[in-house]
Amino acid sequence: MAKKTKTNKRQIIIEEAAKLFKDRGFGGTSMRDLGAQVGMEAASMYNHINSKDEILEHICFHVSNTYISQLAQIEQTEASYVDKIKALVRLHIHLMIEDGAAVSVANNDWKYLAGDKLTQFKDARKRYERGFAALIEQGIAAGELQPVNVSVALFTILSAVRWVELWYRPGRGISGEELEQNIMTILLNGLVK
């Protein structure tokens, strides 16, 4: 039972840290701030985590591992390239709606990772981007997609969904499903009728 409680406290610390890092930045958040947020003395938190750096690593790699594992699953499906790309875009939107603070931290504070962790994270990002780009390239070759520059297409898609983490929250007058459908329509069909 004690192990479960420790795991739960650790998870709460990580979730609250993601919110604070999103609002204040990694550099602008102290362990004391985090302790106040979770109702613990900073010293007590070290029973659950080793450092602020460890929290950042956990958040960044949780997000990157989610993207990479989903990409691997999507690549293995028999779906069309358009449907594979749609699935990846849905994943981005879903993660931002469900875990926006963590995605924001992974997108903005990854540069504070140290040493090997920074290199590993940058490599993971490149691996994901290469995999996503390959689907676009294959979709163009198969005649499913317009013959556009692959890098332009990739970074237009990725940057076109990043704003969701900053803007979306319940009460915006649009459900997560409607948001997803709107973005999908605009990105993959364009605005012109």
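Which side chain meets that of Glu-54 in a salt bridge? In this predicted model, the partner of Glu-54 is Arg-10, with an N to O distance of 2.7 Å; a salt bridge is defined as a side-chain nitrogen of Lys or Arg within 4 Å of a carboxyl oxygen of Asp or Glu. The pair links distant parts of the chain, since Glu-54 belongs to helix H4 (residues 52-76) and Arg-10 to helix H1 (residues 2-24), 44 residues apart. Glu-54 is buried, at a relative accessible area of 17%, whereas Arg-10 is partly exposed, at 26%. These classes follow relative accessible area: buried means under 20%, exposed over 50%, and partly exposed in between (1.4 Å probe, protein chains only).

Residues are numbered from 1 along each chain as its sequence is written, and side-chain values use heavy atoms, with hydrogens and water left out. Because the model is predicted, local features need pLDDT of at least 70 and side-chain atom pairs count only at pLDDT 80 or more, while totals for chains, interfaces and linings use all residues.

The protein contains 9 helices and 0 strands, giving the pattern α-α-α-α-α-α-α-α-α along the sequence. Helices (H or I, at least four residues) and strands (E, at least two) are DSSP runs, numbered from the N terminus. The C-alpha atoms fill a box of roughly 60 × 40 × 35 Å along the principal axes. Of the 193 residues, 40% are buried.

The mean pLDDT, the predictor's confidence in each residue from 0 to 100, is 91 for the protein, and 95% of the residues reach 70 or more. Where pLDDT is low, the predicted coordinates should not be read in detail.

The structure holds 4 salt bridges, among them the pair of Glu-54 and Arg-10. Another joins Lys-19 to Glu-16, with the closest N and O atoms 3.1 Å apart. Lys-19 and Glu-16 are 3 residues apart in helix H1 and are therefore separated by about one helical turn. Glu-16 is buried, with a relative accessible area of 16%, while Lys-19 counts as partly exposed, at 42%. A further salt bridge is formed by the side chains of Glu-180 and Arg-90 (3.1 Å, N to O). Glu-180 lies in helix H9 (residues 176-189) and Arg-90 in helix H5, so this pair ties together parts that are 90 residues apart in sequence. Arg-90 is partly exposed, at 32% relative accessibility.

Helix H5 (residues 81-108) also includes Asn-108, which is partly exposed with a relative accessible area of 29%. Asn-108 and Val-164 are 56 residues apart in sequence, and their C-alpha atoms are 14 Å apart in space.

On the surface, Lys-122, Lys-126, Arg-127 and Arg-130 gather in a patch of positive charge. Patches are made of residues with over 30% relative accessible area and no salt bridge, like charges being joined within 9 Å and nonpolar side chains (Val, Leu, Ile, Met, Phe, Trp, Tyr) within 5 Å. Lys and Arg count as positive and Asp and Glu as negative, with His and the chain ends not counted.

Conventions: Areas by Shrake-Rupley, 256 points an atom, 1.4 Å probe, with all protein chains shown as cover. Charge placed at Lys NZ, Arg CZ, Asp CG, Glu CD.
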